[in-house]
There are 2 protein chains.
Amino acid sequence: MVNNTVKKIVNGDVMTAAKLIRDIDDQVPETREILKALHGYTGKAYIIGVTGAPGVGKSTIVDQMVRDLRLNGKTVGILAVDPTSPFSGGAILGDRIRMQRHSLDKEVFIRSLATRGQFGGLTQSTLSAIDVLDAMGKEYIIVETVGVGQGEVDIARCVHTTVIVVVPGLGDHVQAIKAGIFEVGDIFVVNKADRPEAERAVTYLRSMIGLAKKEFKNEGWEPSIIMAEALNNKGIIELLNEIEKHRRSKKVGDILVAGKRDSARIQLTEMIKSRLIEETLNRITGSPEFEKYLDCIMERTKDPYTACDELLSAMVFGLSLDPCSAPNRTSNHPDEKD
Amino acid sequence: MVNNTVKKIVNGDVMTAAKLIRDIDDQVPETREILKALHGYTGKAYIIGVTGAPGVGKSTIVDQMVRDLRLNGKTVGILAVDPTSPFSGGAILGDRIRMQRHSLDKEVFIRSLATRGQFGGLTQSTLSAIDVLDAMGKEYIIVETVGVGQGEVDIARCVHTTVIVVVPGLGDHVQAIKAGIFEVGDIFVVNKADRPEAERAVTYLRSMIGLAKKEFKNEGWEPSIIMAEALNNKGIIELLNEIEKHRRSKKVGDILVAGKRDSARIQLTEMIKSRLIEETLNRITGSPEFEKYLDCIMERTKDPYTACDELLSAMVFGLSLDPCSAPNRTSNHPDEKD
């Protein structure tokens, strides 16, 4: 079964890849064996992250980039990551609308990820989905994210080139919602640059880049700012050229190797984290002991901090467990404790 | 030491409380013993969450609420949670600016949390900081959040009344960044209601509330919409009255008890999650074995999925570990595997 799936994906089978990505998004444990086997076919794609607040025109930019890459004969995979989609269904709807544009081009593969589980797992799902597109043989993979939250900063750190998109006039404080992500930007795009406040946006970006500089991931690279009007296809070729320039700069010296090790570190850490939470945390919170401790907390015979210590000791480190038997405080007044 | 700190906090000592909250924000492990001892003094405050995108006027609304609560002789604690602050320092700067307004009123205590660690922990820090303000004897605790990310949705589920703030004209797609949070809103405020698009915002909110309805946390409560102009102090008394109405509605039947158990569940789960990540994950990723596995992944003699399995087996479940000794694949072509 695993070998058959792997074979189909390596041969570019869209249905099989789509199903696997959906299973990854749903955090189906069985996907792990397939991903293990697929991993030998990865490592060839060039991965570009495109990040920005909702409404800055990310999809339009990505669509134009895809058009130009396709004109040059490149195969492209797109992952749209949207954990903030209101209620479920948003991402899938977006998929269907966007698929239409490239629906006749079988070398363009677009998928959305919406992982919004109780404990995240978004970074892990995205990195695994990138592996699938990579194994399919896509030469370029574009990962589109909203850029909020630590997970998306981690994704930006794992791609080869991170493009950050802003628009004039949306308000610095609104766009700053994705701050923290500035530090990982390689190329900045001011989209809708025909708007009156475009120059102000550039000034703002320059100051943010200056502030973030010491923390930039690639020391040898000076982040650049590109003016674009994606709807009119202005600035897209300049953006693709700049990405190519950044790609070449990374091959100098040991930067590429260091970057790869960083990505591997983030990916392995995220994987262990998901598994710890998925398996260990869910085992604890799904246990009858956990409910007993909740009873004790409700009766105020146990505080949650002590409950946490005791549950961890018992269920991770194998010590004995006896909830509520020994209330952890006898006095309620601090003076009596002195 | 612990007893002395507890005593000072229960007696309302601002310096001690401020230091403890800073230590909680920095995830200092020693805070746990103090929090255990403090827990016996908690459970009396009424906790209000105020959530909305940056720029909707949350701070102004909170400031006006505080003014009115103080006029009625109530003591108030404010927690401003901002994990998206660009680079470090943002939250602290915000603190100083906002402290000035109430600086002469020692019954108002304002603190910011900015936890932005590699693995979150924001929910955990916020819930612990709420415990500190509660133990200080604050009658009302207002928790201000940007409303992005699962962590903030969890916080909203833990407070007694969640107020969601929007403004007309910011654009639905921008405000939707905090969607998912709609489901946990008890009261919605349209701030800057003098703007021309206010009616449209109400229509949008009604549709979102309708969509979210089946998932609302309090089945017996119909979420209400309040028009406000916080800068002109319009709508604030209406908001406080509505919060009081919601507070009374929760005391009917078992809703309050069920809500408390839900909060306890989230708090205990978050605590276990932080500890698992803090202790177990950091122990794994800080180990020499982890680095060896990274070497293997770089050499492509091991895939990250297998590395994850092996590290977890060894370092959590005590099995033996031998990185890179047995490469997990011998063939790189799927046809050979069949």
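Helices (H or I, at least four residues) and strands (E, at least two) are DSSP runs, numbered from the N terminus. Residues are numbered from 1 along each chain as its sequence is written, with chains lettered from A and ligands numbered from 1 in the order in which they are written. This is a predicted model: local features need pLDDT of at least 70, side-chain atom pairs count only at pLDDT 80 or more, and totals for chains, interfaces and linings use all residues.

First, select Gly169(A), in the loop between strand E5 (161-166) and helix H8 (172-175) of chain A. Leaving out residues up to four places away in sequence, Gly169(A) touches Arg195(A) and Glu197(A) (contact: C-beta atoms, placed from the backbone, within 7 Å).

Next, hop over to chain B and show its strands. Here 7 strands make an open, parallel sheet in the order E3-E2-E4-E1-E5-E6-E7 (strands pair if DSSP finds at least two bridges between them). At the edges are E3 (108-113) and E7 (224-227) of chain B, each pairing on one side only.

Zoom in on E1 (residues 46-51) and E5 (residues 161-166) of chain B: they run parallel, joined by 4 bridges. Pick Thr51(B), and you'll find its bridge partner in E5(B) is Ile164(B).

Conventions: Contact = placed C-beta atoms within 7 Å.
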